[in-house]
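Let's walk through a protein model together, one piece at a time. Keep the picture open beside you as you read.

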Amino acid sequence: MKTIIEVANLTKKFKDITAVSGLSFTVNEGDVYGFLGQNGAGKSTTIRMLLTLIRPTSGSISIFNKDLVTHREEILRQTGAIIEKPDLYNFLTANENVAFLSKLSGKSVSRKEVLEILKMVGLSERATSKVKTFSQGMKQRLGIAVALIHDPSLIILDEPTNGLDPQGIADTRELIKNLSCQHGKTVVVSSHLLSEIELIANRLLIIHNGKKIVEGTTKELLDPSKTIVEIDTTDNIAAREILLQSEFNTAVKKLKEEKIILQMDRNIIPSLINFLVKNNIGILSAETRHSLEDYFLSITNPGTNVEPATI
Ligand SMILES: Nc1ncnc2c1ncn2[C@@H]1O[C@H](COP(=O)(O)OP(=O)(O)OP(=O)(O)O)[C@@H](O)[C@H]1O
């Protein structure tokens with residue numbers, strides 16, 4: 001599997017705010033890579049660094065196996081992006097927008113190419129309609145069409161469904177899937193909604209306060225046999241150390257607010273508890289999450305109530 005983006009230890013500080021902190025992740029060829037986090041989590045800051053709009057404070061980014069600092073132009077030539085609402089001309093038609101905006105970016109496209117791009121985003125029937133008559137979802141798709149002009153193999157979309165109506169959201173979702181499945185593009189898409197990412201991404205990364213919480217395949221993270229278990233014990237630091245030395249070591253994900261978080265098959269929970277008790281660790285509580293939604297909420301909203309596990 002080819003690696004398209006490799007981010008290592010990325011940090012961005014704005015004076016006293018650390019927007020991104022020691023972030024590492026990998027995007028593979030053909031991925032629809034979901035970048036999930038609540039408002040202010042650091043998604044846009046990371047995306048801006050990927051697009052060289054701002055400089056990292058430290059860490060490295062390599063795209064297409066090349067260092068972003070030394071191969072900036074070459075990399076950006078193969079990358080398409082929308083980071084805010086697309087800039088479109090309301091009084092021009094869809095095909096005029098594509099033709100004009102491609103000229104502005106230094107590439108003149110033939111009429112045939114314009115129509116092909118519009119077809120790709122499902123707008124060929126509205127090619128001659130003025131953009132002012134478009135819904136927000138259609139404008140978003142046209143924006144994506146413009147980002148596709150130079151035939152990039154990597155597409156980066158920051159919150160592409162924000163502000164769209166349900167139909168616009170569904171259309172944009174479909175388009176993103178098509179770009180990956182039918183056109184072989186690698187897509188990085190950010191959102192603050194797990195429900196959105198869950199439907200389109202094959203792999204995802206959750207960040208909170210600029211830090212990675214979890215990264216993995218959507219299938220694996222949503223797998224019911226991979227239950228998230230949050231344990232509070234009489235000595236969490238010692239318990240975690242013991243677990244890391246044991247057969248449960250691969251299950252241990254992190255220590256959060258003094259609790260231990262594991263991801264494992266629900267059936268193994270009793271033996272995990274037995275193991276800790278045998279090692280003189282008292283169990284104060286053990287809670288499970290059954291979906292990534294609960295997991296996401298519990299991590300990003302520490303106050304979330306969760307039902308205690310039945311063990
Ligand atoms: N130019 C800047 N100067 C100072 N602080 C900034 C700047 N840009 C972002 N931040 C701060 O960095 C943190 C991360 O912001 P960022 O925009 O990356 O989050 P986000 O996950 O994209 O959120 P949203 O979904 O709201 O856009 C926030 O605390 C934000 O206030």
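Helices (H or I, at least four residues) and strands (E, at least two) are DSSP runs, numbered from the N terminus, and the expected span of a helix is 1.5 Å times one less than its number of residues. This is a predicted model, in which local features need pLDDT of at least 70 and side-chain atom pairs count only at pLDDT 80 or more, while totals for chains, interfaces and linings use all residues. Residues are numbered from 1 along each chain as its sequence is written.

How covered is H5? A residue is buried if 20 or more other C-beta atoms lie within 10 Å of its own, exposed if 12 or fewer, and partly exposed in between, with C-beta atoms placed from the backbone. Eleven of the twelve residues of H5 are buried, among them Gly137, Leu142 and Val146. The cover comes from elements including strand E6 (79-82), helix H3 (94-104) and helix H6 (166-181); contact here puts two C-beta atoms, placed from the backbone, within 7 Å.

Helix H9 (residues 236-244) has buried residues too: Ala239, Arg240 and Leu243. Seen down the axis of H9, these fall within an arc of 100 degrees, so they line one face of the helix; the arc is that of the directions from the helix axis to the C-beta atoms. On the other side of H9, Ile237 and Glu241 are exposed.

Now find the ligand. Which residues surround the ligand? They are Phe14, Ile17, Ala19, Gly37, Asn39, Gly40, Ala41, Gly42, Lys43, Ser44, Thr45 and His192, where being near means a C-beta atom, placed from the backbone, within 6 Å. Helix H1 (43-50) and strand E2 (17-28) each supply at least two residues of this shell, and H1 gives the most, with three.

Finally, look at two loops. Most residues other than glycine have a negative phi. Asn65, however, has a positive phi of about 65 degrees, and sits in the loop between strand E4 (58-63) and strand E5 (66-67). Asn65 counts as exposed because it has 12 C-beta neighbours inside 10 Å. Asp151, in the loop between H5 and E7, also has a positive phi, near 50 degrees. With 13 C-beta neighbours inside 10 Å, Asp151 counts as partly exposed.
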